[in-house]
Amino acid sequence: LRDCGPQELARVLRVRGGKDEDNVLASSRESVLKSEILAGPAQGGAGLLSINATAMELFAESLNVSVVKSASKVRFRLPLIFDDLDEEISFFATVQCLALGSGWYEHAIPRHNPKVPGVPHRDVVLHALIAHHMEGKKLTAESCASVPIFAFSQLLNIPLTKEERLDGGPIRQDVPSDHRPVVDLYYQALSQTGAELMSSGFKSMADFIFSTELQGHSRPAEPAPPSEFSAALLVKRLATCLETFKDEAEDGGLQLIFHRKAQILCEELVARFGSRDPRLNFKDIKDITLGGDAETVAFLRAHGIIKVHEPLLGRIEKGKAIAKNSREELALRTAGARACVLLAESLSRQSGETVSCAEVWKYIDMKMKAHHLKLIKKLEEEEEQEEERVTEIKEGDEAETTEATDAFVLYKCKDTPHY
């Protein structure tokens, strides 16, 4: 490094995830920690919610650090066979590309056939891509860019249209289904990403990930060594080249940098492939900042760490949609990410071990996944019992009913492509 000129030294710092001013991971963390959006109106903030430091410390004390750290290593293996590492990486990268739809969360979604429970929104895309793979199709840039929306909706098992009676008469006509907007969000993210990869000269998501350049048309004679790969570089390239991974907003003239899907992809690559390819064993993975999503916020609210105030509280409890990039949405996302960072710091202080924000987020993610699966199972059992139950309700008697309840209330932002 002593022999490097100023420009070369800056480039080395960037590709190795150094702490220079161009490090997107450092900028992301700084933006969520220093933003004044959580402050009260007198301090220029929105005053919509706050973080309860006492509840956070108590929650941190209740956690087993070894369990939190081990959760980040858990990855469910899929019953799929891939031809090579590139195909497998493209599969999981596409899953993260389409990691959205939480604003459409219901107990079970989609439930177009009332007799058939749906699956949690987070699994709709995974099931679709598994079906796509089992049909022998590959996730190349070209195939993603050219997939017909009707075929894609069939993979998602979400119809594009539904029938409605015309003026209440016997004639029916096709109209957009209730879930057509979320299909459009998924489709736009997939097709646009495929087109952007092709325009930049990349054949697939794996081809993009295994490069350190913004363009794939002219490739270096020698592949870049593992030392030039970092989470910071990949996040920056994803957010620069692929629109679906760009996740920034502005509040009061200050930039809020989340890049949630890009940072989760880095975390996924290290966990699944870091031991198989040194280029994906990012040394700066501990610097990523996660938690700016509806599920994390719901978990932290349920444990008293995030306190939402009126009138925003009423909107969330009533299931009213929150606009994308509104102060309400930005405050919720900032609170989730900031709380994960502070919770990691609290765990580190209490245990004497280094706990990263990514490890805390993954622990919460696993807890939410387990909760969703239990809830869906309970709903299925209740539907089966309802079909089998034959009761006579006498006059004056009340029917005994049970309903699965959700302890984690997600706020709804239906038009965001980021979570």
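View 1. Phe-299 is buried, with a relative accessible area of 3%, where buried means under 20% relative accessible area, exposed over 50% and partly exposed in between, for a 1.4 Å probe and protein chains only. Phe-408 is likewise buried, at a relative accessible area of 12%. This is a predicted model, in which local features need pLDDT of at least 70 and side-chain atom pairs count only at pLDDT 80 or more, while totals for chains, interfaces and linings use all residues. Residues are numbered from 1 along each chain as its sequence is written, and side-chain values use heavy atoms, with hydrogens and water left out.

**View 2. Aromatic pairs.** Rings of Phe, Tyr and Trp (its six-membered ring) pair if their centres lie within 6.5 Å, and planes under 30 degrees apart count as stacked, over 60 as edge-to-face and the rest as tilted; by this rule there are 8 aromatic pairs. Phe-299 and Phe-408 form a stacked pair, 5.8 Å centre to centre with 15° between the planes. Because Phe-299 lies in helix α13 (residues 294–302) and Phe-408 in the segment after α16 (357–388), the pair ties together parts that are 109 residues apart in sequence. One aromatic cluster is formed by Phe-82, Phe-91, Phe-92 and Phe-273.

**View 3. Charges over rings.** A charge sits over a ring if NZ of Lys or CZ of Arg is within 6 Å of the ring centre and within 35 degrees of the ring normal. Arg-333 lies over the face of Phe-258, at 4.2 Å from the ring centre, and the charged end of Lys-414 sits over the ring of Trp-104, 4.3 Å from its centre.

How values were computed
Helices (H or I, at least four residues) and strands (E, at least two) are DSSP runs, numbered from the N terminus.
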